Amino acid sequence: MSIPWIHVLVFVGFAINAISVASVVMRLTRLQKPRSARQAAATVILPVTGASPGLEALIATLNAQTLQPRRLIISVESEVDPAYRRAAAVAPLAHFPVEIVVAGEAFHQAQKCRNQQAALARIDAMDDAIVLMDNDILPQSWWLSALVSPLIDDHSDLVTGHRWQRVARHRLGAHLVTAIDRALTLMPRPGSASTSVVWGGSVGISRAAAMSMDLAGSLEHTLSDDLSLAEHAMAANLRTLTRGALLIASPTALDLASAWRFAVRQYRIGHIYRPWLWRLAVVSVGLRLVIWATVLYQMVFLGAFVWAGAGLAALAVLKQYLVGEVARRIDMPDPFAVRIVQLLLGLLQPFVDLFHLAVLVAAASTRRVAWGHVVYDIAGPYSIEVKERLPFSAS
C-alpha cells in the first residue's frame, strides 16, 4: 500500500524539527565555560564608523576582562568620520593604551577590511596574539582569555566564537533576528573548507599564524572578513578552534525594516561566498513552509491533521525553550518578557519562516550590497568596487 504524500510531508516536517531540537540539546550537553586562563600580550583591533554610540559600554567590558589587553587599536576611515571623535573621547576611559588609526578610503574591498588592515600594520614583536572584534558586542569578562589561552597553550592557531543576539528593545525586528540567528548559531557545522566560518567579530590568532596565513592579505579584494579569514586559515593548515561556549552578546533593537536590511545584507554576503549554503537555506526553509502550509490547510479547512500541527508547534516551542536554556547556561539569561516572546515565536514558526524565506529570496540578487555608509558593486567574490559613499551615520 502506498503512503499518502501528505503523510510523507508530515514525517519530513517532524524530522526537520526533531533534528533542530537535537542540535540544541547536543550544544547544551557539551557546553562548558573555558577553564584555561593564560597571561599574554594581546592587541585588540576594533574597526568602527559612524556615531558608534556603544563605545563607552564596549570600553567598560574590556576594562573588566580577566586578561587585560596590551592595547586597543581603533581604526576609522577618516578624521571626518564621527567615529574618530568618538574614539578620541572614550580613549581616556580605558585602563590600557588606546591607539587611533586612520585607514583611508577603501576602493576594492569592504571598508571594514581596509580598517582592519591599517590596524594590523601596527602589530609588532611584543604581541603574542591579535584579536579582531566588532563594536556591536558586549563580551563576557572571560572573553579575551578564552580567545587567547588556546593560542598560548599551543592548542590552536586561531580561535573564534559566535554572535549571540540579545533583544535590547521589544521590537518585532529584534525578536525575529534573534530567533533566526540563534537557531543558525546552534546548528552543527562540519569542519570542511566549504562550510567553515571564522566570525571576524570575535577572533584570536597568534602572531606567527597571522604571518603564516597572511592575515592582512586575506582582507584584500573581499567584502567578508569572516569567510575570507576561514578560507585563508584553511589554506594555511591552521588549527582552528570554534569554542562552543564562546557566544558573545550582541544587543539588538532593530525595528522590522532595519531587521530586513540587516538580514538581507548578511545573506547576500553569504550567497556571494557560500552559494550552496544559501541554496540549502532556501530549500530547507521553503520546504518547512510548504509543510506548515499543507498542515494548516488540512486543519482549518478539512479538520484533519490537528495532531500534526500540534506536534510541530510543540517541537518548535521546545526548541525555543532549549535555546533560552543555552543563554542561561552561559550567564546571559533572557529577561522573562523576552523569553515569553521567543516562545511565542516558536508557536508562530510559520510566520518566522515566512520572514526568513522572504529575506533569502531578496538575497538572491548579489550585485549591489549596502553596508554602513558605503555601497558596493559585486562582480564576484573577489571583484569588489566601491560605487557610492553615503553620509556617515549620525546615530
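Asp154 is exposed in this predicted model, with a relative accessible area of 53%; buried denotes under 20% relative accessible area, exposed over 50%, and partly exposed the range in between, computed with a 1.4 Å probe and protein chains only. The side chain of Asp154 meets that of Arg239 in a salt bridge, at 2.8 Å from N to O. A salt bridge requires a side-chain nitrogen of Lys or Arg within 4 Å of a carboxyl oxygen of Asp or Glu. Asp154 sits in the loop between α5 (143–152) and β5 (158–167) and Arg239 in the loop between α8 (225–235) and β7, so the contact ties together parts that are 85 residues apart in sequence. Arg239 is partly exposed, at 34% relative accessibility. Helices (H or I, at least four residues) and strands (E, at least two) are DSSP runs numbered from the N terminus.

Residue numbers start from 1 along each chain as its sequence is written. As the model is predicted, local features need pLDDT of at least 70 and side-chain atom pairs count only at pLDDT 80 or more, whereas totals for chains, interfaces and linings use all residues; side-chain values use heavy atoms, with hydrogens and water left out.

A search of the whole structure gives 22 salt bridges. One of them joins Asp127 to Arg71, with the closest N and O atoms 2.9 Å apart. Asp127 belongs to the loop between α4 (111–120) and β4, and Arg71 to strand β2 (residues 71–76), so this pair ties together parts that are 56 residues apart in sequence. Both partners are buried: Asp127 has a relative accessible area of 1%, and Arg71 has a relative accessibility of 5%. Asp127 and Arg71 also belong to a network of salt bridges that links them with Arg70, Glu99, Arg122 and Asp124. A further salt bridge is formed by the side chains of Glu105 and Arg389 (3.6 Å, N to O). With Glu105 in the loop between β3 and α4 and Arg389 in strand β10, the pair ties together parts that are 284 residues apart in sequence. Glu105 is partly exposed, with a relative accessible area of 41%, and Arg389 is also partly exposed, at 26%.

Seven strands make up an open sheet of mixed pairing, in the order β3-β2-β1-β4-β6-β5-β7. Its edge strands, β3 (98–102) and β7 (240–252), each pair on one side only. Neighbouring strands are turned by 20° against each other on average, direction ignored; axes are lines fitted to C-alpha atoms, for helices over the stretch in contact, and angles run from 0 to 180 degrees between N-to-C directions. Strands count as paired if DSSP finds at least two bridges between them.

Within this sheet, β4 (residues 129–133) has five of its five residues buried. Ala129, Val131 and Met133 lie on one side of β4 and Ile130 and Leu132 on the other, and both faces are covered. Strand β1 (residues 42–47) runs parallel to β4 and is joined to it by four bridges. Across this pairing, Thr43 has Ile130 as its bridge partner, and Val44 stands opposite Val131. Five bridges join β4 to the antiparallel strand β6 (residues 202–206), where Gly204 stands opposite Val131.

The structure holds five aromatic pairs. Rings of Phe, Tyr and Trp (its six-membered ring) pair if their centres lie within 6.5 Å, and planes under 30 degrees apart count as stacked, over 60 as edge-to-face and the rest as tilted. The ring centres of Tyr273 and Tyr382 are 5.8 Å apart and the planes stand at 75°, so this pair is edge-to-face. It links distant parts of the chain, Tyr273 in helix α9 (residues 256–273) and Tyr382 in the loop between β9 (374–380) and β10 (383–389), 109 residues apart. Tyr273 is buried, at 6% relative accessible area, whereas Tyr382 is partly exposed, at 39%. Phe305 and Trp307 form a tilted pair, with 5.8 Å centre to centre and 35° between the planes. Together with Phe14, these two residues form one aromatic cluster. Trp307 is exposed, with a relative accessible area of 52%, while Phe305 is buried, at 13%.

Phe305, in the loop between α10 (275–302) and α11 (306–329), has a positive phi of about 55° although it is not a glycine. Asp331 likewise has a positive phi, near 65°, and lies in the loop between α11 and α12 (336–347). Asp331 is partly exposed, at 48% relative accessibility.
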